[in-house]
Amino acid sequence: MPVPKRRRAALTALAAVLSLAGRPAGAIVGGAEAPAGGAVMVLSSNGGVCTGLVLAPDTVLTAAHCAAAGREHRVHFRDAAGAPVLVEVSAQATHPGYDAGAASGRRRSIDLALIRTATPLPPLFAPVTLSAALPRAGESLTLSGYGAARPGDPRSTGTYRSVALPVIEPHGPSRILVWLKGDAGGGCQGDSGGPIAGPDGAVLALAAWIGGPCGGLTQGILVGPQRGWIDRVLAGWGRTARWGG
């Protein structure tokens, strides 16, 4: 589908800004720089920045609000020379349980979306392994993403960072969500769609929402309970996801 010149220009300009972003000493708020592995960025024509996980060479899993209808989206990464690369999206699928107004209405929402790129991503971005495990309160999980290290500062966005945080249960145990909060830090703008992984590196959930200021409560959508939907969409695209034991 042709991209309107104004939207294409906005995406290109955003990618250029991100490619010039500094290497801040701070986190994901409070974390440390980490290898990107199977993580890329998802950019929107309205200036939105998110994180996404590679499930197959041309397939990315992210948060549904990062792929909202009515906007143009591109997958972004830096090539070997550090230059920004924008990859067009050829198809996308939003989880049927996604509710865009869930936060304000205090309703349940499965904030997940799958994106298929028009061309394959470089082998540098190896597919991640997903896990159907359900985390326990007190368990330490690793939150990662390309989000801002300094709230409100877009130039601090674009560096992949990680932080280990404990699982808490502010609303009781859930088979849909996981909550992380600790003294080390937490998510910020741009970390939506970022992985929440266990000690073995397998991804249990995707970051979707931040409660209060950056570095506070981070909410993630568990991928295990949504395995049926993920596998069905990927099968329709002739793709499969890697699931751990």
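Student: Which cysteine does a disulfide join to C50?

Tutor: A disulfide is a covalent bond between the sulfur atoms of two cysteines. Here C50 is bonded to C66, with an S to S distance of 2.0 Å. The cut-off for calling a disulfide is a pair of cysteine sulfur atoms within 2.5 Å. The torsion about this S-S bond is about -80 degrees, so the link is left-handed. C50 sits in strand β3 and C66 in the loop between β4 and β5, 16 residues apart, so the text counts this as linking distant parts of the chain. Strands here are DSSP runs of E, at least two residues, and helices are runs of H or I, at least four, both numbered from the N terminus.

Student: What should I keep in mind about the model itself?

Tutor: It's a predicted model: local features need pLDDT of at least 70 and side-chain atom pairs count only at pLDDT 80 or more, while totals for chains, interfaces and linings use all residues. Residues are numbered from 1 along each chain as its sequence is written, and side-chain values use heavy atoms, with hydrogens and water left out.

Student: Are C50 and C66 buried or exposed?

Tutor: Buried means under 20% relative accessible area, exposed over 50%, and partly exposed in between (1.4 Å probe, protein chains only). C50 is buried at 8%, and C66 is buried at 1%.

Student: How many disulfides are there by this rule?

Tutor: Two. The other pair is C188 and C214, with sulfur atoms 2.1 Å apart. It is right-handed, with 70 degrees about the S-S bond. C188 lies in the loop between β11 and β12, and C214 in the loop between β13 and β14. In sequence order, the bonded cysteines pair 1-2, 3-4.

Student: How many salt bridges does a search of the whole structure find?

Tutor: The rule is a side-chain nitrogen of Lys or Arg within 4 Å of a carboxyl oxygen of Asp or Glu. That search gives four. One of them joins D58 and R239 at 2.9 Å, N to O. That pair links distant parts of the chain, 181 residues apart. D58 is buried at 8%, whereas R239 is partly exposed at 26%.

Student: Which residue does R227 meet in a salt bridge?

Tutor: D231, at 3.2 Å, N to O. They are four residues apart in helix α3, so about one helical turn separates them. Elsewhere, salt bridges that share partners join D58, R116 and R239 into one network.

Student: R116 is in there. Which residue is its bridge partner in the strands?

Tutor: Two strands pair if DSSP finds at least two bridges between them. R116, in β7, is the partner of A91. Five bridges join β6 to β7, and the two run antiparallel. Strand β5 is also joined to β6 by five bridges, again antiparallel. In the hairpin of β5 and β6, G82 takes a positive phi near 90 degrees.
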